[in-house]
Amino acid sequence: IVAAPEEARLEVAWGGETEERWAARLGPGRGTDGGALSSGPLPERLARRLAEEAEVPWDRGLAQLRREERRRLLDRLVRYPLPVTGDEGYRKAEVTGGGIDLAEVDPRTLESRRAPGLYLCGELLDAFGPIGGHNFLWAWATGRLAGSAAARGRSSGD
């Protein structure tokens, strides 16, 4: 997030790829069949949308991309702007949930029951609630517990 006092700007790098990897994938001579993004890590619907926004015809193969088209497409892939349109205010704010189920960790050490030797803390775990310091306390407390247990080399079977 790049934030100015008045506005925040979010940018997405699609597919978890770096600019260098996307540039290599989109480089000249990388194939002539199908669309520029038709075979890759992105869902076709998203790939089509990015190509459309970059003003690259969907059916143009990689070998036929002009330098400027390749540059526009690369820019959309690694610096896609997501507008921030507002928030719902402090009264609606919450800590996000959806992490690893708490039943999958040992509560004494926060060691994963599925991957022994892996200690989990903070928002990696599925815990949520209202804002007001709860998230910070959760992060600090679980971080200390998991870090201390990992440093001792303790596992749930000890």
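I started with helix 2 and looked up what lies over its buried residues: the cover includes helix 3 and strand 3 (80-82). For the record, helices (H or I, at least four residues) and strands (E, at least two) are DSSP runs, numbered from the N terminus. Buried means under 20% relative accessible area, exposed over 50%, and partly exposed in between, with a 1.4 Å probe and protein chains only.

**Ground rules.** I am working with a predicted model, in which local features need pLDDT of at least 70 and side-chain atom pairs count only at pLDDT 80 or more, while totals for chains, interfaces and linings use all residues. Residues are numbered from 1 along each chain as its sequence is written, and side-chain values use heavy atoms, with hydrogens and water left out.

**Overall layout.** I found 4 helices and 3 strands in the protein. Reading from the N terminus, I get the order β-β-α-α-α-β-α. Of the 158 residues, 27% count as buried. I also looked at contacts (heavy atoms within 4.5 Å). Among those with a separation of 6 or more, 61% are between residues 24 or more positions apart. The protein exposes about 10800 Å², and carbon and sulfur atoms supply 52% of that; the areas come from the Shrake-Rupley method with a 1.4 Å probe, and for residues only the protein chains shown count as cover.

**Cores.** Next I looked for nonpolar cores, meaning sets of buried Ala, Val, Leu, Ile, Met, Phe, Trp, Tyr and Cys residues joined through side-chain atoms within 4.5 Å. The largest has 18 residues, and Trp22, Leu26, Leu37, Leu42, Leu73 and Leu77 touch the most other members. Helix 2 (44-53) and helix 3 (67-78) each supply at least two residues of this core. Helix 3 gives the most, with 4 residues. I also noted a second, separate core of 7 residues, which includes Val105, Tyr119, Leu125 and Ala149.

**Back to helix 2.** Which residues of helix 2 are buried? I have Ala47, Leu50 and Ala51. They sit on the same side of helix 2, because they cover an arc of only 100° around the axis, taken from the directions from the helix axis to the C-beta atoms. On the face turned away from this buried side, I see the exposed residues Arg45 and Glu52.

**Helix 3.** I listed its buried residues as Glu69, Arg70, Leu73, Leu74, Arg76, Leu77 and Val78.

**Glu69.** This residue of helix 3 has 6% relative accessibility, so I count Glu69 as buried. What does Glu69 touch, leaving out residues up to four places away in sequence? I found Glu55, Val56, Pro57, Arg60 and Gln64. The side chains of Glu69 and Arg66 are joined by a polar contact of 2.8 Å (a pair of N or O atoms within 3.5 Å; within protein, one must be able to donate a hydrogen and the other to accept it, and residues adjacent in sequence count only if both atoms are side-chain atoms).

**Two positive phi values.** Most residues other than glycine have a negative phi. Glu55 is not a glycine, yet its phi is positive, about 60°. I place Glu55 in the loop between helix 2 and helix 3; at 60% relative accessibility, Glu55 counts as exposed. Leu110 also has a positive phi, about 65°, and is not a glycine. Leu110 is in the loop between strand 3 and helix 4 (134-152), and at 6% relative accessibility it counts as buried.
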